[in-house]
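Please read the following note beside the sequence and the model.

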Amino acid sequence: MAEGNGCVEPTTEAPQSSNGRFPGPPPPIYSCTLSPALEAKAREELQEKPEWRLRDVQALRDMVLKEHPHLRTRLDDAFLLRFLRARKFDYDRALQLLLNYHASRRAWPEVFHDLRPLTVRHVLERGVLTVLPQPDNHGRYILCLRPGKWRQNDYPFVDNIRAIYLTLEKLIEAEQTQVNGLVILVDYSGVGLSQASNPGPFLAKKVVGILQDGFPIRIKAVNIINEPRIFKGIFAIIKPFLKEKMAERYVLHGSDLSSLHRSIPCTVLPEQYGGEAGQLDMAAWTQTLLDAEENFVVEFCQPEPVEDGALPGSLLFDGEHGGAQGEDTFRSLRSQLYYCY
C-alpha cells in the first residue's frame, strides 16, 4: 500500500472507441484491433508476438480440448487471447486462469445466476459504480466505485459485486484494456457503519480471489479517496488475501485531491474530484451495459457445465475455510467500527 506522490497530463493518444466513448464489442471473427504502439507494448510487457499469436491461441485451445474435454467454454480466438495476455502468454498459467474463471461461477451462484445488466439496473441507477468516459494517460479505463451510495436495507451487497463483474466483463472485451489494464478509483465518501462492515472477511476473500486468480484482467492501480479512519482496519482484513504486487498498488489519498491528481490526470477526472471532465456521468456506462443485455444472456444465463477438479482456495464458499479465526477477526473489526462511529 502506497501514499499518493500536481496534475498529470495525458502523454499518449487515447484509444478510440466505436461509439466515441467506450470500446465496442470485438468482431465476430478475430481481427487484431491493436495499434502499432499497443502491439509494441504487448510485445514488451506481455511477451505477445503478433507473428505467433494465433499459434499460441491454438496451443491453449488444444490444451483445453485434451486436458478438460468436458469443460464447456468459449474457444474462439478473441476469448482465449484474454487469458493468454493476462498471464503473459504462459500456456499453463493461462489454462489455470481459464479453469478458475469457470470455477468461480460454480463457487458463487449468488453472483453468477441470471447475471445480466437488467438484474443490476438498480445498482447502476443508485450510482454505486461507473466507468469514466476517457482513459488515463496510459490508455487505462477507470472504474469508479462509490460504496457510500449503497444502503443495506435497499438490496443485498452481493448485487454490487454482480454489477462490478458485469462491468469488468464488458471492459475486457476491448483489446486495449487487455493490454493496458484497468485502474480502480474508490470514493469512500458517505460510508457509514453498515457499509464499512460489508463485505466481511469471507466475502472479501472471494472477491479478491476472483479478481486476482479468476478473471483475465490486469488491475494496475487501486486509488482510495475519502477513506474513513477505520479503513486501515478494513484493509488489514483484505491484505492477507492480496498478492504482494497487488497490495503495493493500493494508494490511499485521503481527502488530498492533489495526491489523486498525481495518479490520475485531471483531464479525465470529473469536477467532483477536482478534474476538468465535467460532472460525473453515471448514465453513459449504465446504457453501455444495458445495450449489451442480449450478449450477457448468452454468456451467463445458460446452465453451467460440471467440471472435475478442486476449486482454488480463494474461490470456496463462505465458511468453507476460515472458521473461528475468521469470525474472531470480523468481530474485532466490528468492535472497532462501533468505536470509531
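1. Two or more lining residues come from each of α3 (77–86), α10 (201–213), β5 (219–225) and α12 (244–247). A pocket here is an open set of points on a 1 Å grid over the protein atoms alone, where a 1.4 Å probe fits, with protein on both sides within 12 Å along at least five of seven lines, and lining residues have an atom within 4 Å of a point.

2. This is a predicted model, in which local features need pLDDT of at least 70 and side-chain atom pairs count only at pLDDT 80 or more, while totals for chains, interfaces and linings use all residues. Residues are numbered from 1 along each chain as its sequence is written, and side-chain values use heavy atoms, with hydrogens and water left out.

3. The volume of the second largest pocket is about 430 Å³, a volume being the space filled by probe spheres set on the points. Its lining comprises 9 charged, 5 nonpolar and 1 polar residues, where Asp, Glu, Lys and Arg count as charged, Ala, Val, Leu, Ile, Met, Phe, Trp, Tyr, Cys and Pro as nonpolar, and the others, Gly among them, as polar.

4. Helices α2 (residues 53–67) and α4 (residues 91–107) have axes that come within 10 Å and cross at roughly 55°, the axes being lines fitted to C-alpha atoms over the stretch in contact and the angles running from 0 to 180 degrees between N-to-C directions. α2 and α4 are therefore oblique to each other, given that angles under 35 degrees count as roughly parallel, over 145 as roughly antiparallel, 65 to 115 as roughly perpendicular and the rest as oblique. Their contact (heavy atoms within 4.5 Å) includes Ala 59, Leu 60 and Met 63 of α2 and Leu 95 and Leu 98 of α4, and by class it has 8 nonpolar, no polar and 4 charged residues.

5. The axes of α2 and α3 lie 9 Å apart at an angle of about 90°, which makes α2 roughly perpendicular to α3. Among the residues that meet are Leu 54, Val 57 and Leu 60 in α2 and Leu 80, Leu 81 and Leu 84 in α3; the contact holds 6 nonpolar, no polar and 5 charged residues.

6. Helix α7 (residues 158–171) packs against helix α14 (residues 283–291) at about 80°, with the axes 11 Å apart, and the two are therefore roughly perpendicular to each other. Here Leu 166, Thr 167, Lys 170 and Leu 171 of α7 meet Trp 285, Thr 288 and Leu 289 of α14.

Key:
Helix = DSSP H or I, 4+ residues; strand = E, 2+ residues; numbered from the N terminus.
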